[in-house]
Amino acid sequence: MMNRTDSTNSTNRTSRTSRLIGKKLTSREILVLALTASGFSDREIAEKLSVSVRTVNIHVEHFRAKLGAKSREQTVVKALKNGLLSFDDIEKLGIEKLGNA
């Protein structure tokens, strides 16, 4: 059961998310998106960027909202279609991941 605080937090998150739609991605959001598309987990991204997993989650939430995507996968597709990300970017980061495995 959702209490009043949960409802308020959900409403605030929804209005904050709707304000982000159509806004440009920051360079950090693009980097997190590229790392996500390359197969890195949130924890791996956090370690790589020296930030908390929560910070990575916030970046993911923001770029999903800005692109109007319902999932990470849909976000990657939209980023590729809109030229925000290229297969070369993803491949380079993916190769880097394999080299560190």
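## Close-up views of the helix packing

**View A. N57, V60, F63, R64 and L67 of helix 4 meet R72, T75, K78 and A79 of helix 5.** Contact here means heavy atoms within 4.5 Å of one another. Helices are DSSP runs of H or I with at least four residues, strands are E runs with at least two, and both are numbered from the N terminus. Before we go on, please note that this is a predicted model, in which local features need pLDDT of at least 70 and side-chain atom pairs count only at pLDDT 80 or more, while totals for chains, interfaces and linings use all residues. Residues are numbered from 1 along each chain as its sequence is written, and side-chain values use heavy atoms, with hydrogens and water left out. The axes of helix 4 and helix 5 come within 10 Å and cross at roughly 60°. Such axes are lines fitted to C-alpha atoms, for helices over the stretch in contact, and their angles run from 0 to 180 degrees between N-to-C directions. Helix 4 and helix 5 are therefore oblique to each other. Angles under 35 degrees count as roughly parallel, over 145 as roughly antiparallel, 65 to 115 as roughly perpendicular and the rest as oblique. The crossing of this pair, helix 4 and helix 5, is left-handed: in that sense, the near helix is turned anticlockwise from the far one by less than a right angle, while clockwise would be right-handed.

**View B. Helix 5 has T75, V76 and A79 as its buried residues.** Buried stands for under 20% relative accessible area, exposed for over 50% and partly exposed for values in between, with a 1.4 Å probe and protein chains only. The buried residues of helix 5 fall within an arc of 100° when you look down its axis, so they line one face of the helix. That arc is taken from the directions from the helix axis to the C-beta atoms. Turn to the other side of helix 5 and you will find E73 and K81 exposed. The helix spans residues 72–81 and is followed by G83, with a positive phi near 75°.

**View C. Helix 2 meets helix 5 through L33, T36 and A37, which face R72, T75, V76 and A79.** The axes of helix 2 and helix 5 come within 10 Å and cross at roughly 110°. Helix 2 is therefore roughly perpendicular to helix 5. This crossing of helix 2 and helix 5 is left-handed. Helix 2 covers residues 27–37, and its buried residues include E29, V32, L33, A34, L35 and T36. After helix 2 comes G39, whose phi is positive, near 100°.

**View D. Helix 2 also packs across helix 4, with axes that come within 9 Å and cross at roughly 95°.** That angle makes helix 2 roughly perpendicular to helix 4. On the helix 2 side, the contact is made by R28, E29, V32, L33 and T36; helix 4 brings V56, H59, V60, H62, F63, K66 and L67. K66 belongs to helix 4, which runs over residues 53–67. With a relative accessible area of 11%, K66 is buried. A polar atom of the K66 side chain lies 2.9 Å from the backbone oxygen of K24. A polar contact of this kind is a pair of N or O atoms within 3.5 Å; within protein, one must be able to donate a hydrogen and the other to accept it, and residues adjacent in sequence count only if both atoms are side-chain atoms.

**View E. D42, I45, A46 and L49 are buried in helix 3.** Viewed down the axis of helix 3, these residues fall within an arc of 100°, so they line one face of the helix. They pack against helix 2, helix 4 and helix 5, whereas R43 and E47 are exposed on the other side of helix 3. L49 lies in helix 3, which spans residues 42–49. The relative accessible area of L49 is 14%, which counts as buried. Leaving aside residues up to four places away in sequence, L49 touches R28, L31, V32 and L35. From L49 to V32 there are 17 residues in sequence and 8.9 Å in space, C-alpha to C-alpha.

**View F. S50 follows helix 3 and has a positive phi, near 55°.** This is a positive value in a residue other than glycine. For background, most residues other than glycine have a negative phi. S50 sits in the loop between helix 3 and helix 4, and its relative accessibility of 68% makes it exposed.
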